[in-house]
Amino acid sequence: MRLLLATTLLLIGALTAAAQAPTLYEISFENAVHHQAQVKVTFPNLPLEVLEVRMSRSSPGRYAIHEFAKNVFNVKAFDGKGKQLVVTRPDPYQWNVSGHDGTVVFTYTIFGDRGDGTYMQVDESHAHLNMPATFVFARGLDYRPARVHYQVPAGSNWKVATQLKPIDDFTFFAPNLQYLMDSPAEISNFKLHAFDVESSGKTYSIRVALHHDATPEAIAQYVDGVKKIVAQEKAVFGELPNYDYGTYTFLACYSPRSSGDGMEHRNSTFVTGPLNARPLTGALSTVSHEFFHCWNVERIRPAALEPFDFEEANMSGELWFAEGFTNYYTSLILCRSGLLSRKEYVEGLARTINYVSNSPARAYFNPIEMSYQAPFADAATSIDPNYRSNTFISYYVYGEVLGLALDLQLRNEKGDLSLDGFMKFVWGRHGKPELPYNVRDLRAALADYASPAFADSFFDKHIFQSQMPDYEKLLASVGVSYASVGNTSWLGASMELRDSLIVISNYTTIGSPAYKAGLEQGDQIMSVNGQKYNDPKALLAAVSQMVPNTKANVEFMRQGVRRTAALTTERDPSKRTLLFEDDGKTADNGVAKRRSAWLDQK
């Protein structure tokens, strides 16, 4: 019913938008040195009732609450004749404007100094704008079109890069509020590079708007990497999406004061980071992840995210697929593109599998429930301690290791099937026609792609429950060893040096030797079996060298009281992943063929 209602409203909106007077946004940067922008929004043709103007509390691609209104000040409102109007505040996110004449001109100043995918940053080098963090909106006007004019500083050489439809070099059009809020902008003296890609009888321009003081050689390497990624991801789905205005834009901002991030949007992405000391090619992992999203999440879209709610947190149980399967392809595509060696890719698999396999959180939540926790985990902030190290597994990584398992299981049990084929199947069923999905739809799609029995087994074991796949068997089928790191011990506690004291820095892992011994976060470790240590790395190394099942006495201080704990070491549960040939094994022809089908360039 929710999807039907949303679809109906979208159709009504599309039919009526053209007949409605657009909301006019103007933004200027006279005080950029102090990270301020001045915004003027004109709402015309209003009913003669209170206008409710709001600042977003959430942002597309993020799932937590972000109180963007906190940076808004100097608010004023006028009617169409310039008369100043009374503005009241019913809550922290809203301004009510009454007594207008059918037009409201709403002005404000906004501060922003974080250059990433969620917030906004204004300084003398650029204006980096995520729209929910920048622009207010009015309730009830969701389907009105909008025009946005960027007034760049006088004498600057700033240009505008955005996915919005251009009217002129500095003015752009959005068909409705959802589209506007999903269309970030980079305004700076960026370098623009573009290349054409043919797809389904059309030619699309892939644009790279690069704000970075890099050499021509470094830029060429970066753009070449982008080209390879685009080609390999297109090969997964068989075609590019039908980009609305014939373009897709990478808004690539790598300035010294930018924060590392990536954020997907319908026909563009923000990729950011302080890469002043690193080569640009070090950012291609984020490019790989975000571009894959133009299929998976932007068009193959969870129904729970449609329409996106700018007033509340947005919760979806499908993020293990939307984000996690995308994460699986992030490094796989780099490998297929030749930007990551087979050895690097394969040896990196152990990190993610270990994280998920050894987490106690699987006892409490399955991948769907982990996805539900996104509003608490996705760049969410709080000052009270949390227990997520024991109760939460990132849906990015959980979905990544499940994507690996599904890919290899399809290749083994179904011969000519693969995750590539399944993603292309889901694209045809849900993405290309833009029909949002839920978990049951994914299960039905896998049943139709592989078989009902296959789909039931995978979902029942790994999605609705938290059972781990048999990675040793699956990886062996493509010539990858999966085995213990050795006869070493583990503690289950992270440590750091504070004021020359070794302190347990996080809550101990449930079920670990440290947890069973009663050790906990904040404990100061004085000695182990009478041996004192000055370096936490040396202490952890000493424990790792103990034979499993060794008894050890740990002296520690807790809240000023000296105590002793009896600890019994256990074998480190971590695994390592190696190519057969690096582990003294030989891959037969069948194994080598499957590995090539998995990792080779398409």
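Predicted model: local features only at pLDDT ≥ 70, side-chain atom pairs only at ≥ 80, totals over all residues.

User: Which residue is the bridge partner of Asn553 in E27?

Analyst: Asn553 has Ala566 as its bridge partner in E27.

User: And how many residues sit between the strands in the hairpin of E26 and E27?

Analyst: Two residues lie between the strands of that hairpin. Gln559 in the hairpin takes a positive phi near 50 degrees.

User: What order do the strands have in the sheet with E26 and E27?

Analyst: The order is E23-E24-E25-E26-E27, an open sheet of five strands with antiparallel pairing. At the edges stand E23 (495–498) and E27 (561–568); each has a single partner strand, so one side of each is left without a neighbour in the sheet. On average, neighbouring strands of this sheet are turned by 40 degrees against each other, direction ignored.

User: How many bridges are there between E25 and E26?

Analyst: Four, in the antiparallel sense, between E25 (residues 524–528) and E26 (residues 551–558). Ile525 stands opposite Phe556 in E26, and Ser527 has Glu555 in E26 as its bridge partner.

User: Which strands does helix H16 lie across?

Analyst: Helix H16 (residues 536–544) lies across E23, E24 (501–504) and E25. The helix runs at about 150 degrees to E23.

User: Where does Gln531 lie?

Analyst: Gln531 is in the loop between E25 and H16. Its relative accessibility is 43%, so Gln531 counts as partly exposed; that class falls between the cut-offs of 20% for buried and 50% for exposed.

User: How many Å separate the C-alpha atoms of Gln531 and Ser255?

Analyst: They are separated by 47 Å, and the two residues are 276 residues apart along the chain.

User: New topic, helices. At what angle do H3 and H4 pack?

Analyst: Helix H3 (residues 216–237) and helix H4 (residues 284–292) pack at an angle of about 35 degrees, and their axes are 10 Å apart. Their crossing is right-handed.

User: Which residues of H3 and H4 make the contact?

Analyst: On H3, they include Tyr222, Val226, Ile229 and Val230. On H4, Leu284, Val287 and Phe291 are among them. By type, the residues of the contact of H3 with H4 divide into 10 nonpolar, two polar and one charged.

User: What about H5, how many of its residues are buried?

Analyst: 17 of the 18 residues of H5 are buried, so the helix is largely enclosed by the rest of the structure.

User: What span should H5 have, and how far apart are its end C-alpha atoms?

Analyst: H5 covers residues 319–336, and at 1.5 Å a residue its 18 residues should span 26 Å. The end C-alpha atoms are 24 Å apart, which agrees. Just after H5, Gly338 takes a positive phi of about 80 degrees.

User: Back to sheets. In what order do E8, E9, E12 and E15 come?

Analyst: These four strands form an open sheet in the order E8-E9-E15-E12, with antiparallel pairing. Strands E8 (121–122) and E12 (159–162) are at the edges, each with a single partner strand, so one side of each is left without a neighbour in the sheet.

User: And how many bridges join E9 and E15?

Analyst: Strand E9 (residues 126–129) and strand E15 (residues 185–188) pair in the antiparallel sense over four bridges. For His128, the bridge partner in E15 is Glu186.

Note on methods. Residues numbered from 1 in each chain as written. Heavy atoms only, no water. Pairing = 2+ DSSP bridges. Axes fitted to C-alpha atoms, helices over the stretch in contact; angles between N-to-C directions. Left-handed = near helix turned anticlockwise from the far one by under 90°. Contact = heavy atoms within 4.5 Å. Nonpolar A, V, L, I, M, F, W, Y, C, P; charged D, E, K, R; others polar. Expected span 1.5 Å × (residues − 1). Buried < 20%, exposed > 50% of the residue type's maximum accessible area, 1.4 Å probe, protein only.
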